[in-house]
Amino acid sequence: MITHYPSLQPEDIKSLARIVGRDYCHNDRLHIDLYSYDSSPYIHPPEVVVLPGTISEMAQIVALARRRNWPLTGRGAGTSLSGGAVPICGGVLMSLARLNRIVHIDPIEQTVLVECGVVNLVL
């Protein structure tokens, strides 16, 4: 069963840009192409790419996408071999790359609290 979703309109892109800032909301050809694939053989373009910098921004994007019935694809580093980072229904691609802070390291308990964009090499 194929579900049809509403296309994002220019005012929708502006709403997303108000959340993350214009520098982190992209619907130009370069960003659309870069975020259309991962390490799998699948290619599907999103309508817009957003890069939230805080958990609050991420939550606002999720809430807005839910209210407007937009497809939303979360993306880490994009190294997936299974197509998990490919926005197969278009819509909003939310890159978690800016959520890259190491919050706490506990050497005694040997635990680390990190945001979802922290990559192994940095840790």
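How many of the chain's 123 residues count as buried, as a percentage? The figure is 39%. Bear in mind that this is a predicted model. Here are my notes, point by point.

1. Overall layout. The chain has three helices and six strands. Reading from the N terminus, their order is α-β-α-β-α-β-β-β-β. Along the principal axes, the C-alpha atoms fill a box of roughly 50 × 35 × 30 Å. Looking at contacts with a separation of 6 or more, 54% are between residues 24 or more positions apart.

2. The main core. The largest nonpolar core has 18 residues, and those touching the most other members are Leu 16, Cys 25, Val 48, Val 50, Ile 61 and Val 92. At least two core residues come from each of helix H1 (10-20), strand E2 (48-50), helix H3 (55-68) and strand E4 (92-95). H1 gives the largest share, with five residues. Apart from this core there is another one, of five residues, including Ile 32, Tyr 35, Val 49 and Leu 93.

3. Cys 25. Have a look at its surroundings: leaving out residues up to four places away in sequence, Cys 25 touches Ile 13, Leu 16, Ala 17, Val 20, Val 48, Val 49 and Val 50.

4. Helix H3. Just after H3, Asn 69 has a positive phi of about 60°.

5. Cysteines. If you were wondering about disulfides, the count is zero. For Cys 89, the closest cysteine sulfur is in Cys 25, and at 20 Å that is too far for a bond. Cys 116 is in no disulfide either, with the nearest cysteine sulfur, again that of Cys 25, 18 Å away. As for accessibility, Cys 89 counts as partly exposed because its relative accessibility is 44%. Cys 116 is also partly exposed, with a relative accessible area of 44%.

6. Glu 115. Glu 115 is in the segment after strand E6 (111-114). Is Glu 115 buried or exposed? It counts as buried, because its relative accessibility is 15%, under the 20% cut-off. A polar atom of its side chain lies 3.3 Å from the backbone nitrogen of Asn 100. Setting aside neighbours within four places in sequence, Glu 115 is in contact with Arg 98, Leu 99, Asn 100, Arg 101 and Val 103.

7. Thr 73. This residue lies in strand E3 and counts as buried, at 12% relative accessibility. Not counting residues up to four places away in sequence, Thr 73 touches Gly 84, Ala 85, Val 86 and Pro 87, along with Val 92, Leu 93 and Met 94.

How values were computed:
Residues are numbered from 1 along each chain as its sequence is written. This is a predicted model: local features need pLDDT of at least 70, side-chain atom pairs count only at pLDDT 80 or more; totals for chains, interfaces and linings use all residues. Side-chain values use heavy atoms; hydrogens and water are left out. A nonpolar core is a set of buried Ala, Val, Leu, Ile, Met, Phe, Trp, Tyr and Cys residues joined through side-chain atoms within 4.5 Å. Buried means under 20% relative accessible area, exposed over 50%, partly exposed in between (1.4 Å probe, protein chains only). Helices (H or I, at least four residues) and strands (E, at least two) are DSSP runs, numbered from the N terminus. Contact means heavy atoms within 4.5 Å. A disulfide is a pair of cysteine sulfur atoms within 2.5 Å. A polar contact is a pair of N or O atoms within 3.5 Å; within protein, one must be able to donate a hydrogen and the other to accept it, and residues adjacent in sequence count only if both atoms are side-chain atoms.
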